[in-house]
Amino acid sequence: MNYIPRVSSFFYHLIFISLCRGLYEDQIGKFDWRQQYVGELKFSFFDEFDGDKIYVGTEKNVLAALKTRTGSIIWRNVFEKRGQGVMQYMHAGPEILTISGVNPVYIRKWDSNSGFLTMESMIQLRHSDSPDTTIWIAKNGVIHQILLESPPMLTINTYSVAGGALMSSRNVSAPWLSSSTRCVTSGGLLACVHEKILKVIDPCSEDSSFSSVPLSFAESWSDLNIESLGSKRSVVVIDGRGGSKAVLCLKDALNNVLKPKTYAADTVVSVVSWEKDQHIILSGIHSDQKLQLSAVLLETGENVPQISSELQLPVSVGKVWIKGARCSFGRKLSCNLLLSSEEHSVMLFQISGDMVWSREEALSSIVSVEILELPVSDMEAVIENSFDSKEGALNKKQLFYRTK
(Lines give C-alpha, C1' and ligand atoms only; values in the text may rest on other atoms or scores of the structure.)
Protein backbone atom coordinates (compact mmCIF):
# COMPACT_ATOMS: atom_id res chain seq x y z
CA MET A 1 0.00 0.00 0.00
CA ASN A 2 1.15 3.50 -0.78
CA TYR A 3 0.97 5.57 2.42
CA ILE A 4 3.06 8.48 1.14
CA PRO A 5 0.18 10.48 -0.52
CA ARG A 6 -2.05 10.11 2.55
CA VAL A 7 0.76 11.13 4.94
CA SER A 8 1.61 14.09 2.72
CA SER A 9 -2.04 15.19 2.68
CA PHE A 10 -2.19 14.94 6.46
CA PHE A 11 0.90 17.10 6.99
CA TYR A 12 -0.31 19.54 4.31
CA HIS A 13 -3.52 20.23 6.27
CA LEU A 14 -1.61 20.28 9.54
CA ILE A 15 0.61 23.09 8.25
CA PHE A 16 -2.32 25.34 7.36
CA ILE A 17 -4.58 24.56 10.31
CA SER A 18 -2.91 27.36 12.26
CA LEU A 19 -4.18 29.79 9.61
CA CYS A 20 -7.81 28.91 10.25
CA ARG A 21 -10.45 29.52 12.87
CA GLY A 22 -13.41 27.25 13.35
CA LEU A 23 -17.09 27.53 14.27
CA TYR A 24 -19.22 24.85 15.80
CA GLU A 25 -22.22 23.75 13.79
CA ASP A 26 -24.71 25.63 15.97
CA GLN A 27 -22.78 28.84 15.38
CA ILE A 28 -23.18 28.74 11.60
CA GLY A 29 -25.45 31.51 10.35
CA LYS A 30 -24.77 33.90 13.22
CA PHE A 31 -23.83 37.43 12.13
CA ASP A 32 -20.21 38.51 11.95
CA TRP A 33 -21.07 42.16 12.61
CA ARG A 34 -24.14 44.28 13.15
CA GLN A 35 -24.94 47.95 12.64
CA GLN A 36 -27.94 49.83 14.06
CA TYR A 37 -29.36 53.02 12.59
CA VAL A 38 -32.19 55.38 13.46
CA GLY A 39 -32.99 57.10 10.16
CA GLU A 40 -33.61 60.66 9.04
CA LEU A 41 -34.34 62.98 11.97
CA LYS A 42 -37.90 64.22 12.47
CA PHE A 43 -37.77 65.31 16.12
CA SER A 44 -34.73 65.96 18.33
CA PHE A 45 -34.23 67.08 21.93
CA PHE A 46 -31.15 67.51 24.09
CA ASP A 47 -31.46 66.06 27.58
CA GLU A 48 -32.56 68.93 29.83
CA PHE A 49 -30.74 67.71 32.93
CA ASP A 50 -27.09 67.46 31.88
CA GLY A 51 -27.13 67.20 28.08
CA ASP A 52 -25.43 63.79 27.97
CA LYS A 53 -28.18 62.33 25.77
CA ILE A 54 -29.98 63.38 22.60
CA TYR A 55 -33.49 62.01 22.12
CA VAL A 56 -34.60 61.59 18.51
CA GLY A 57 -37.71 60.53 16.63
CA THR A 58 -37.18 59.66 12.98
CA GLU A 59 -38.88 59.17 9.64
CA LYS A 60 -38.18 55.42 10.02
CA ASN A 61 -40.61 55.18 12.97
CA VAL A 62 -37.76 54.94 15.47
CA LEU A 63 -37.47 56.50 18.92
CA ALA A 64 -33.92 56.48 20.28
CA ALA A 65 -31.43 58.06 22.65
CA LEU A 66 -27.95 58.90 21.39
CA LYS A 67 -24.88 59.47 23.54
CA THR A 68 -23.84 63.10 23.17
CA ARG A 69 -20.12 62.36 23.42
CA THR A 70 -19.95 59.60 20.82
CA GLY A 71 -23.23 59.48 18.88
CA SER A 72 -23.68 55.81 19.76
CA ILE A 73 -27.17 54.45 20.43
CA ILE A 74 -27.99 54.14 24.14
CA TRP A 75 -31.41 52.60 23.51
CA ARG A 76 -33.71 52.28 20.51
CA ASN A 77 -37.39 51.44 20.05
CA VAL A 78 -38.88 50.64 16.65
CA PHE A 79 -42.58 51.46 16.25
CA GLU A 80 -45.13 49.74 14.04
CA LYS A 81 -44.46 49.58 10.31
CA ARG A 82 -45.72 52.02 7.71
CA GLY A 83 -48.40 54.58 8.60
CA GLN A 84 -49.43 53.02 11.89
CA GLY A 85 -46.00 53.70 13.35
CA VAL A 86 -45.55 57.25 12.04
CA MET A 87 -44.65 59.59 14.88
CA GLN A 88 -46.94 62.65 14.81
CA TYR A 89 -45.78 64.28 18.05
CA MET A 90 -42.87 63.98 20.46
CA HIS A 91 -41.85 65.82 23.59
CA ALA A 92 -38.88 65.05 25.84
CA GLY A 93 -38.59 65.95 29.50
CA PRO A 94 -38.25 63.75 32.61
CA GLU A 95 -40.30 61.34 30.50
CA ILE A 96 -40.67 61.13 26.74
CA LEU A 97 -44.17 61.43 25.28
CA THR A 98 -44.95 60.20 21.78
CA ILE A 99 -48.14 60.19 19.72
CA SER A 100 -48.11 57.84 16.75
CA GLY A 101 -50.43 56.03 14.38
CA VAL A 102 -53.55 57.06 12.51
CA ASN A 103 -56.47 55.02 13.78
CA PRO A 104 -56.04 53.91 16.47
CA VAL A 105 -53.67 56.58 17.78
CA TYR A 106 -51.16 55.42 20.40
CA ILE A 107 -50.15 57.67 23.29
CA ARG A 108 -47.00 56.40 24.97
CA LYS A 109 -44.63 57.50 27.72
CA TRP A 110 -41.07 56.25 27.88
CA ASP A 111 -38.41 56.26 30.57
CA SER A 112 -35.73 58.62 29.28
CA ASN A 113 -32.84 56.68 30.88
CA SER A 114 -33.71 53.15 29.82
CA GLY A 115 -36.18 53.60 26.96
CA PHE A 116 -38.68 51.32 28.74
CA LEU A 117 -42.37 51.88 28.06
CA THR A 118 -44.01 53.29 31.21
CA MET A 119 -47.53 54.05 29.92
CA GLU A 120 -49.62 53.33 26.86
CA SER A 121 -53.15 54.35 25.99
CA MET A 122 -55.10 54.27 22.76
CA ILE A 123 -57.47 56.71 21.07
CA GLN A 124 -59.98 55.10 18.75
CA LEU A 125 -61.09 57.87 16.40
CA ARG A 126 -64.55 58.00 14.90
CA HIS A 127 -63.03 58.30 11.45
CA SER A 128 -59.47 58.19 10.17
CA ASP A 129 -57.88 61.60 9.85
CA SER A 130 -54.91 62.27 7.61
CA PRO A 131 -51.71 63.24 9.47
CA ASP A 132 -51.42 66.11 6.96
CA THR A 133 -54.61 67.70 8.34
CA THR A 134 -54.20 66.77 12.00
CA ILE A 135 -52.01 68.50 14.58
CA TRP A 136 -51.40 67.28 18.13
CA ILE A 137 -50.44 69.28 21.23
CA ALA A 138 -49.77 67.88 24.72
CA LYS A 139 -50.06 70.34 27.58
CA ASN A 140 -50.95 70.21 31.28
CA GLY A 141 -51.69 66.48 31.28
CA VAL A 142 -54.09 66.50 28.34
CA ILE A 143 -53.76 66.08 24.58
CA HIS A 144 -55.38 68.36 22.03
CA GLN A 145 -56.17 67.12 18.53
CA ILE A 146 -56.63 69.92 16.00
CA LEU A 147 -58.48 69.03 12.79
CA LEU A 148 -57.81 71.37 9.87
CA GLU A 149 -59.99 69.75 7.20
CA SER A 150 -63.43 71.09 8.01
CA PRO A 151 -63.84 74.81 7.08
CA PRO A 152 -65.44 77.13 8.04
CA MET A 153 -64.75 75.54 11.42
CA LEU A 154 -61.58 74.23 13.03
CA THR A 155 -62.22 71.36 15.44
CA ILE A 156 -60.27 70.90 18.69
CA ASN A 157 -60.74 67.59 20.53
CA THR A 158 -59.25 67.17 24.01
CA TYR A 159 -58.24 63.71 25.31
CA SER A 160 -56.80 62.49 28.60
CA VAL A 161 -53.22 61.23 28.41
CA ALA A 162 -53.71 58.32 30.81
CA GLY A 163 -56.79 56.69 29.32
CA GLY A 164 -57.23 58.32 25.94
CA ALA A 165 -60.84 59.26 26.76
CA LEU A 166 -62.46 62.19 24.93
CA MET A 167 -62.89 64.99 27.48
CA SER A 168 -64.27 67.79 25.30
CA SER A 169 -64.73 68.94 21.74
CA ARG A 170 -65.24 72.43 20.37
CA ASN A 171 -65.30 74.27 17.07
CA VAL A 172 -63.48 77.51 16.35
CA SER A 173 -64.53 79.77 13.50
CA ALA A 174 -61.97 79.65 10.68
CA PRO A 175 -63.70 80.65 7.40
CA TRP A 176 -60.31 81.34 5.80
CA LEU A 177 -59.14 77.73 6.25
CA SER A 178 -58.29 75.98 2.96
CA SER A 179 -56.08 73.26 1.56
CA SER A 180 -53.32 75.83 0.92
CA THR A 181 -53.27 77.06 4.53
CA ARG A 182 -50.06 76.18 6.39
CA CYS A 183 -50.31 75.59 10.16
CA VAL A 184 -47.81 74.59 12.87
CA THR A 185 -47.62 74.52 16.65
CA SER A 186 -44.90 76.06 18.77
CA GLY A 187 -44.78 76.42 22.53
CA GLY A 188 -48.41 75.34 22.89
CA LEU A 189 -49.76 77.85 20.36
CA LEU A 190 -51.21 77.18 16.91
CA ALA A 191 -50.13 79.45 14.06
CA CYS A 192 -51.41 79.52 10.49
CA VAL A 193 -50.45 81.58 7.46
CA HIS A 194 -53.18 82.55 5.02
CA GLU A 195 -52.83 85.19 2.29
CA LYS A 196 -50.01 87.04 4.07
CA ILE A 197 -51.90 87.14 7.36
CA LEU A 198 -50.68 85.33 10.47
CA LYS A 199 -53.43 83.63 12.50
CA VAL A 200 -52.58 82.65 16.09
CA ILE A 201 -54.64 80.88 18.76
CA ASP A 202 -54.11 79.17 22.10
CA PRO A 203 -55.95 75.86 21.51
CA CYS A 204 -55.66 74.94 25.19
CA SER A 205 -57.86 77.87 26.24
CA GLU A 206 -61.58 77.15 26.11
CA ASP A 207 -62.70 80.64 25.10
CA SER A 208 -59.87 81.59 22.76
CA SER A 209 -60.23 82.77 19.17
CA PHE A 210 -57.78 83.57 16.39
CA SER A 211 -55.73 86.75 16.47
CA SER A 212 -54.93 88.09 12.99
CA VAL A 213 -51.76 90.06 12.24
CA PRO A 214 -50.84 91.24 8.71
CA LEU A 215 -47.37 90.20 7.54
CA SER A 216 -46.37 93.60 6.20
CA PHE A 217 -42.75 92.54 5.77
CA ALA A 218 -43.82 89.85 3.25
CA GLU A 219 -45.69 92.03 0.76
CA SER A 220 -43.37 91.02 -2.11
CA TRP A 221 -43.19 87.34 -1.11
CA SER A 222 -45.29 84.54 -2.59
CA ASP A 223 -46.15 80.95 -1.56
CA LEU A 224 -45.58 81.65 2.14
CA ASN A 225 -44.56 78.76 4.35
CA ILE A 226 -44.36 78.52 8.13
CA GLU A 227 -42.20 76.21 10.27
CA SER A 228 -41.89 75.73 14.00
CA LEU A 229 -38.52 76.19 15.70
CA GLY A 230 -39.67 74.04 18.61
CA SER A 231 -38.96 76.56 21.35
CA LYS A 232 -40.77 77.12 24.64
CA ARG A 233 -40.86 80.76 23.54
CA SER A 234 -43.31 79.87 20.72
CA VAL A 235 -41.06 80.87 17.83
CA VAL A 236 -41.74 80.25 14.14
CA VAL A 237 -39.97 81.06 10.90
CA ILE A 238 -41.82 82.31 7.81
CA ASP A 239 -40.33 82.29 4.34
CA GLY A 240 -41.57 82.54 0.78
CA ARG A 241 -40.58 82.61 -2.84
CA GLY A 242 -38.83 85.78 -3.89
CA GLY A 243 -38.21 86.93 -0.34
CA SER A 244 -36.09 86.45 2.73
CA LYS A 245 -36.77 84.56 5.97
CA ALA A 246 -38.34 86.03 9.11
CA VAL A 247 -38.24 84.72 12.69
CA LEU A 248 -41.28 85.65 14.82
CA CYS A 249 -42.39 85.16 18.42
CA LEU A 250 -46.04 84.06 18.50
CA LYS A 251 -46.67 85.58 21.93
CA ASP A 252 -46.04 88.98 20.36
CA ALA A 253 -48.58 88.14 17.66
CA LEU A 254 -51.23 87.41 20.30
CA ASN A 255 -50.89 91.05 21.29
CA ASN A 256 -51.18 92.09 17.62
CA VAL A 257 -47.52 93.09 17.56
CA LEU A 258 -44.81 91.63 15.33
CA LYS A 259 -41.06 92.09 15.78
CA PRO A 260 -39.64 90.11 12.85
CA LYS A 261 -35.95 89.40 12.54
CA THR A 262 -35.14 88.83 8.89
CA TYR A 263 -32.42 86.71 7.31
CA ALA A 264 -31.34 85.69 3.83
CA ALA A 265 -33.50 82.98 2.28
CA ASP A 266 -30.77 80.31 2.44
CA THR A 267 -29.98 80.90 6.13
CA VAL A 268 -30.63 78.05 8.57
CA VAL A 269 -31.93 79.13 11.97
CA SER A 270 -32.66 77.69 15.40
CA VAL A 271 -33.66 79.02 18.83
CA VAL A 272 -31.48 78.10 21.81
CA SER A 273 -31.91 78.69 25.54
CA TRP A 274 -29.40 81.21 26.87
CA GLU A 275 -28.40 82.48 30.30
CA LYS A 276 -30.77 84.44 32.57
CA ASP A 277 -33.85 82.81 30.99
CA GLN A 278 -33.06 84.43 27.66
CA HIS A 279 -33.01 82.84 24.21
CA ILE A 280 -30.84 83.38 21.17
CA ILE A 281 -31.55 83.00 17.47
CA LEU A 282 -28.69 80.92 16.11
CA SER A 283 -28.21 81.38 12.37
CA GLY A 284 -25.89 79.78 9.84
CA ILE A 285 -24.99 80.58 6.23
CA HIS A 286 -23.83 77.63 4.13
CA SER A 287 -21.07 78.35 1.62
CA ASP A 288 -18.22 76.25 0.16
CA GLN A 289 -18.71 73.35 2.60
CA LYS A 290 -18.63 75.74 5.53
CA LEU A 291 -21.34 76.94 7.89
CA GLN A 292 -20.77 80.47 9.19
CA LEU A 293 -22.52 80.88 12.57
CA SER A 294 -23.75 83.99 14.38
CA ALA A 295 -26.40 84.76 17.00
CA VAL A 296 -28.62 87.52 18.39
CA LEU A 297 -30.79 87.69 21.48
CA LEU A 298 -34.40 86.80 20.69
CA GLU A 299 -35.81 89.29 23.16
CA THR A 300 -33.77 92.35 22.17
CA GLY A 301 -32.01 91.58 18.86
CA GLU A 302 -28.66 92.37 20.46
CA ASN A 303 -25.67 90.61 18.91
CA VAL A 304 -24.08 87.73 20.87
CA PRO A 305 -20.31 87.97 20.23
CA GLN A 306 -19.54 84.69 22.04
CA ILE A 307 -21.06 82.81 19.11
CA SER A 308 -19.20 83.62 15.94
CA SER A 309 -17.50 80.66 14.35
CA GLU A 310 -17.13 78.65 11.17
CA LEU A 311 -17.89 74.94 10.85
CA GLN A 312 -16.02 72.88 8.26
CA LEU A 313 -18.56 70.39 6.91
CA PRO A 314 -17.72 66.99 5.36
CA VAL A 315 -17.51 67.09 1.57
CA SER A 316 -20.42 64.72 0.93
CA VAL A 317 -23.16 66.16 3.17
CA GLY A 318 -24.69 68.83 0.91
CA LYS A 319 -27.24 71.20 2.44
CA VAL A 320 -27.60 71.10 6.23
CA TRP A 321 -30.20 72.13 8.82
CA ILE A 322 -29.83 72.95 12.51
CA LYS A 323 -31.92 70.36 14.37
CA GLY A 324 -31.04 71.47 17.88
CA ALA A 325 -28.44 73.08 20.11
CA ARG A 326 -27.58 73.24 23.79
CA CYS A 327 -25.31 75.68 25.60
CA SER A 328 -23.91 75.28 29.11
CA PHE A 329 -22.34 77.99 31.21
CA GLY A 330 -19.49 77.14 33.57
CA ARG A 331 -15.98 78.44 33.62
CA LYS A 332 -16.36 78.90 29.89
CA LEU A 333 -19.15 78.76 27.35
CA SER A 334 -19.76 75.34 25.79
CA CYS A 335 -22.32 74.78 23.04
CA ASN A 336 -23.19 71.64 21.07
CA LEU A 337 -24.89 71.94 17.70
CA LEU A 338 -26.86 69.08 16.10
CA LEU A 339 -27.03 69.15 12.31
CA SER A 340 -28.75 66.97 9.73
CA SER A 341 -28.13 66.98 6.00
CA GLU A 342 -30.11 66.35 2.84
CA GLU A 343 -28.48 62.92 2.52
CA HIS A 344 -29.61 62.09 6.09
CA SER A 345 -26.26 62.38 7.86
CA VAL A 346 -26.45 63.43 11.53
CA MET A 347 -23.52 65.42 12.94
CA LEU A 348 -22.67 66.99 16.27
CA PHE A 349 -20.39 70.03 16.30
CA GLN A 350 -18.96 72.12 19.08
CA ILE A 351 -19.56 75.81 18.61
CA SER A 352 -15.78 76.25 18.38
CA GLY A 353 -15.90 74.45 15.02
CA ASP A 354 -14.78 70.91 15.93
CA MET A 355 -16.93 67.99 14.73
CA VAL A 356 -17.55 65.59 17.62
CA TRP A 357 -19.14 62.74 15.63
CA SER A 358 -21.11 61.88 12.52
CA ARG A 359 -23.70 59.18 11.74
CA GLU A 360 -24.45 58.04 8.17
CA GLU A 361 -28.19 57.48 8.54
CA ALA A 362 -28.71 57.10 4.78
CA LEU A 363 -27.73 53.46 5.38
CA SER A 364 -31.10 52.97 7.13
CA SER A 365 -32.77 53.36 3.71
CA ILE A 366 -30.97 50.61 1.76
CA VAL A 367 -33.07 49.42 -1.21
CA SER A 368 -30.66 46.92 -2.81
CA VAL A 369 -27.46 45.05 -1.95
CA GLU A 370 -24.77 43.53 -4.14
CA ILE A 371 -22.05 41.27 -2.75
CA LEU A 372 -18.87 41.15 -4.81
CA GLU A 373 -16.34 38.35 -4.50
CA LEU A 374 -12.89 39.75 -5.18
CA PRO A 375 -10.13 37.65 -6.81
CA VAL A 376 -7.96 35.67 -4.39
CA SER A 377 -4.20 35.19 -4.43
CA ASP A 378 -2.61 31.93 -5.61
CA MET A 379 -1.89 30.85 -2.03
CA GLU A 380 -5.50 31.53 -0.94
CA ALA A 381 -6.78 29.61 -3.95
CA VAL A 382 -4.68 26.57 -2.96
CA ILE A 383 -6.09 26.64 0.57
CA GLU A 384 -9.65 27.08 -0.71
CA ASN A 385 -9.32 24.16 -3.13
CA SER A 386 -7.89 21.94 -0.41
CA PHE A 387 -10.99 22.45 1.72
CA ASP A 388 -13.16 21.30 -1.17
CA SER A 389 -11.37 17.93 -1.20
CA LYS A 390 -13.58 15.00 -0.32
CA GLU A 391 -10.70 13.35 1.46
CA GLY A 392 -10.03 16.36 3.72
CA ALA A 393 -9.03 15.39 7.20
CA LEU A 394 -10.94 18.27 8.83
CA ASN A 395 -14.16 17.70 10.66
CA LYS A 396 -17.13 18.34 8.35
CA LYS A 397 -19.04 19.89 11.24
CA GLN A 398 -16.72 22.87 11.27
CA LEU A 399 -16.62 25.92 9.05
CA PHE A 400 -13.19 27.44 8.54
CA TYR A 401 -12.28 30.97 7.61
CA ARG A 402 -9.07 32.12 6.02
CA THR A 403 -7.12 34.60 8.06
CA LYS A 404 -4.09 36.62 7.25
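**Cysteines, sheet and loops**

Student: Is cysteine 249 buried or exposed?

Tutor: Cysteine 249 has a relative accessibility of 8%. It counts as buried because the cut-off for that is under 20%. Bear in mind that this is a predicted model.

Student: And what does cysteine 204 count as?

Tutor: Partly exposed, at 23% relative accessibility.

Student: How many disulfides does a search of the whole structure find?

Tutor: Two. A disulfide is a covalent bond between the sulfur atoms of two cysteines. Here cysteine 183 is bonded to cysteine 192, and cysteine 327 is bonded to cysteine 335.

Student: What pattern do they follow along the chain?

Tutor: Counting the bonded cysteines along the chain, the pattern is 1-2, 3-4.

Student: How far apart are the sulfur atoms of cysteine 183 and cysteine 192?

Tutor: They are 2.1 Å apart. The angle about that S-S bond is 110°, and the link is right-handed. Cysteine 183 is buried at 16% relative accessible area, and cysteine 192 is buried at 0%.

Student: Is the disulfide of cysteine 327 and cysteine 335 right-handed or left-handed?

Tutor: Right-handed, because the torsion about its S-S bond is about 110°. The sulfur atoms of cysteine 327 and cysteine 335 lie 2.1 Å apart. Cysteine 327 is buried at 13%, and cysteine 335 is buried at 3%.

Student: New topic. Which residues touch the most other members in the largest nonpolar core?

Tutor: That core has 24 residues, and the ones with the most contacts to other members are Trp274, Ile280, Leu282, Leu291, Ile307, Leu337 and Leu339. Strands S22, S23, S24, S26, S27 and S28 each give two or more residues to this core. There is also a second, separate core of 18 residues, including Leu189 and Ile226.

Student: Why would residues like that end up together?

Tutor: In soluble globular proteins, nonpolar side chains tend to be buried together.

Student: Which residues is leucine 291 in contact with, leaving aside its neighbours within four places in sequence?

Tutor: Leucine 291 is in contact with Val268, Gly284, Ile285, His286, Ser309, Glu310, Leu311, Leu313, Val320 and Leu339.

Student: In what order do the four strands of the open sheet come?

Tutor: The order is S22-S23-S24-S25, with antiparallel pairing. S22 and S25 are the edge strands, each pairing on one side only. On average, neighbouring strands in this sheet are turned by 25° against each other, direction ignored.

Student: Over how many bridges do S23 and S24 pair?

Tutor: Eight, in the antiparallel sense. As one place to look, isoleucine 281 stands opposite valine 296 in S24.

Student: What sits in the loop between S23 and S24?

Tutor: Aspartate 288 is in that loop. Its phi is near 50°, a positive value in a residue that is not glycine. Aspartate 288 counts as exposed at 70% relative accessibility.

Student: Last one. Is glutamate 361 buried or exposed?

Tutor: Buried, with a relative accessible area of 0%. It lies in the loop between strand S29 and helix H3.

Student: What does glutamate 361 touch, not counting residues up to four places away in sequence?

Tutor: Glutamate 361 touches Tyr37, Val38, Gly39, His344, Ser345 and Val346. Its side chain also makes a polar contact of 2.7 Å with the side chain of arginine 359.

Technical notes: Residues are numbered from 1 along each chain as its sequence is written. This is a predicted model: local features need pLDDT of at least 70, side-chain atom pairs count only at pLDDT 80 or more; totals for chains, interfaces and linings use all residues. Side-chain values use heavy atoms; hydrogens and water are left out. A nonpolar core is a set of buried Ala, Val, Leu, Ile, Met, Phe, Trp, Tyr and Cys residues joined through side-chain atoms within 4.5 Å. Buried means under 20% relative accessible area, exposed over 50%, partly exposed in between (1.4 Å probe, protein chains only). Contact means heavy atoms within 4.5 Å. Two strands pair if DSSP finds at least two bridges between them. Axes are lines fitted to C-alpha atoms, for helices over the stretch in contact, and angles run from 0 to 180 degrees between N-to-C directions. A disulfide is a pair of cysteine sulfur atoms within 2.5 Å. A polar contact is a pair of N or O atoms within 3.5 Å; within protein, one must be able to donate a hydrogen and the other to accept it, and residues adjacent in sequence count only if both atoms are side-chain atoms.
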